[in-house]
Amino acid sequence: MSVIDVENVSFGYTDTSVLEDVSLVVDEGEFLGLVGPNGSGKSTLLRLMLGLLRPDTGSVRLFGEHAREFADGRRIGYVGQGVARADRGIPVTVEEVVRLGRFPHAGYGRLREEDYQIVRDVMERTGIDQLADRRLQALSGGQRQRTFIARALACEAELLALDEPTVGVDAESRDTFYDLLGQLNEDGITILLIEHDLGVVTSHATAIACVDRHLHYHGDPSGFTDGNAIVDAYGAAQRVIEHDH
Amino acid sequence: MKGLTEPLTPLFIKAMAEMLSFPFMQRALVAGLCVGILAPVIGSFLVHRRMAFIGDTLAHVAFAGVAAGLFVRSLLGTDGDLLPLAGALVVAAVAAVAIQAISDYTDVYNDVSMAIVLSGGFAVGTVLISLSGGLAVGIRSYIFGNPTAVGRAHVYVMVALTVLVILIVAVTYKHLLYITIDEEAARVARLDVARHNYLLVVLAAVVVVAAMQVMGVILVAAMLVVPVAAAGQIASSFKRSIVLAVLVAEGATVSGITLSYTHDVAASGAIVLVAIGLYVLAAVRRRRTGIGG
């Protein structure tokens with residue numbers, strides 16, 4: 001069953017189109033790495049997939065419904081761009097951020113003991129349980145990133161969408177992060193990841209989609225690294241550096 | 001220090017006791033206490049979304065509503081205490097919705113359009129005043145603030161608004177917090193971000209109008225910002241930062257109003273200066289103990 005179905009989508013913020021005639025299906029349990037050069041439209045594609053933007057032409061379906069009309073926020077965990085960078089000084093604790101993940105479940109009602117237990121469990125799983133009462137601002141990039149991942153997990157989502165979550169994160173935290181994503185994917189969670197490091201994403205994802213206005217490649221990672229899609233999208237100077245982990 | 005506070009404490013209590021024997025000072029204090037709750041509670045969501053400037057804009061626009069209310073009052077020949085307040089509330093709420101609609105359309109809180117709305121609102125107010133003449137005394141307390149001029153009906157309205165605003169924030173707290181921390185993720189989580197954004201700016205308009213006669217158009221925004229900024233320096237969580245901001249604001253309003261009574265200085269100015277003093281203390285404490293320490 002497909003989680004996301006993008007069909008002949010074109011989109012532009014102005015008259016100039018950012019994406020043209022993109023069609024792509026993300027199946028349940030897939031770990032899709034969405035790659036492309038800077039300004040290629042990959043974040044825009046992700047936002048279209050999540051129903052945050054309306055395509056100019058074509059259609060996007062999310063869990064079988066029109067993405068813009070899809071109303072069940074509990075099924076999607078989202079980590080936006082640059083969450084690991086220094087925050088805006090909001091006096092918020094790690095636990096307060098992770099609890100946000102339970103808010104779509106609670107609506108206007110109070111969080112129940114079950115919600116608090118889930119929050120504690122995901123903090124433990126992401127290794128931030130010792131930081132629960134710390135202010136987000138006082139954490140390292142890697143710790144902040146894990147906090148937002150924990151928020152997405154607290155949602156108990158079926159789809160995890162992450163937009164360059166490892167920017168500003170040290171190498172060790174990034175390795176741990178990818179191990180965690182691998183485990184989550186094995187648990188059956190569909191993962192949609194934008195990552196600028198081609199080597200990292202091709203060695204972890206089960207499928208790669210490469211966009212640069214058009215969809216240049218969609219298939220398994222080995223086909224991407226061996227074929228011409230990288231040259232098509234990035235130019236001849238680009239090569240993939242394999243990470244040994 | 002001990003030698004200084006010993007004679008000061010009975011003096012302060014004596015001044016408070018004397019002050020509270022006057023009904024107009026009682027009203028001033030109750031009004032000040034309401035401002036001390038309302039402004040930082042709503043300010044906590046505005047400041048951390050970098051929307052602090054909206055308070056200033058709404059206050060200046062509300063001034064046009066006050067002038068319109070006073071103008072209508074003079075035309076009708078009544079002395080309705082709440083007409084300027086009602087005028088301010090309507091104009092500020094409409095402006096709040098308009099500002100939010102513009103920001104939704106342009107995808108950014110546009111400081112240029114807000115500056116135009118701010119100065120335009122104040123300009124309409126000044127024109128209305130000059131057209132109706134003889135309103136200078138009535139309008140003064142709205143420009144510079146004068147808690148002792150707050151009437152009985154106004155105090156009742158303020159208490160009712162305080163209860164109402166707190167209830168609304170309590171019910172929508174989770175949504176407002178999520179949107180404050182991460183608006184885009186809140187959209188993905190399918191929380192109704194647009195509706196809560198409108199709610200927040202309208203609540204800001206209500207708070208600004210309620211606080212206007214105590215703080216004045218020029219200084220009212222300070223109560224939305226300064227206590228929140230002080231609390232943000234040292235609070236260990238968002239919830240605690242709201243409580244701390246209310247404590248800072250209450251400390252500032254009570255001491256500011258008391259200082260205005262004992263030393264015959266402008267209450268709104270004294271309140272803001274005390275609040276800024278507390279902010280400096282909080283910033284120094286943070287330098288010494290670290291974030292949220």
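# Chain B, question by question

Visitor: Which residues touch the most other members of the largest nonpolar core?
Guide: This is a predicted model. Its largest nonpolar core holds 182 residues. Those that touch the most other members are B:A62, B:A92, B:A204, B:V208 and B:A211.

Visitor: What is B:V208 in contact with, leaving aside its neighbours within four places in sequence?
Guide: B:V208 is among the core residues that touch the most other members. Contact here means C-beta atoms within 7 Å. Leaving aside neighbours within four places in sequence, the partners of B:V208 are B:G55, B:L58, B:A59, B:A62, B:A92 and B:V220.

Visitor: How many helices and strands are there in chain B?
Guide: Read along the sequence, the pattern of chain B is α-α-α-α-α-α-α-α-α-α-α-α. The count is 12 helices and zero strands.

Visitor: What radius of gyration does chain B have?
Guide: Chain B has 293 residues.

Visitor: Among contacts between residues at least 6 apart in chain B, what percentage join residues at least 24 apart?
Guide: Of the residues of chain B, 50% count as buried. Take the contacts in chain B between residues at least 6 apart in sequence. Those that join residues at least 24 apart make up 78%.

Visitor: What is the distance between the end C-alpha atoms of helix 2 of chain B?
Guide: Helix 2 of chain B covers residues 23-47, which makes 25 residues. At 1.5 Å a residue, helix 2 should span 36 Å. The end C-alpha atoms agree with that, at 35 Å apart.

Visitor: Why is helix 2 of chain B described as largely enclosed by the rest of the structure?
Guide: Helix 2 of chain B has 25 residues. It is largely enclosed because the buried ones number 20.

Visitor: Which helix of chain B supplies the largest share of the side that touches chain A?
Guide: The contact takes 22 residues from chain B and 25 residues from chain A. On the chain B side, helix 7 (152-181), helix 8 (183-188) and helix 11 (238-263) each supply at least two residues. By class, that side has 10 nonpolar, seven polar and five charged residues. The largest share, five residues, comes from helix 7.

Visitor: Where is confidence lowest in chain B, and where is it highest?
Guide: Chain B averages a pLDDT of 88, and 92% of the residues score at least 70. The lowest mean, 70, belongs to helix 1 (residues 2-20). The highest, at 96, belongs to helix 2.

Conventions:
Residues are numbered from 1 along each chain as its sequence is written. Chains are lettered from A and ligands numbered from 1 in the order in which they are written. This is a predicted model: local features need pLDDT of at least 70, side-chain atom pairs count only at pLDDT 80 or more; totals for chains, interfaces and linings use all residues. Helices (H or I, at least four residues) and strands (E, at least two) are DSSP runs, numbered from the N terminus. The radius of gyration is taken over C-alpha atoms; the globule rule is 2.2 Å times the number of residues to the power 0.38. A residue is buried if 20 or more other C-beta atoms lie within 10 Å of its own, exposed if 12 or fewer, and partly exposed in between; C-beta atoms are placed from the backbone. Two residues are in contact if their C-beta atoms, placed from the backbone, lie within 7 Å. A nonpolar core is a set of buried Ala, Val, Leu, Ile, Met, Phe, Trp, Tyr and Cys residues joined through C-beta atoms within 7 Å. Ala, Val, Leu, Ile, Met, Phe, Trp, Tyr, Cys and Pro count as nonpolar, Asp, Glu, Lys and Arg as charged, and the others, Gly among them, as polar. The expected span of a helix is 1.5 Å times one less than its number of residues. pLDDT is the predictor's confidence in each residue, from 0 to 100.
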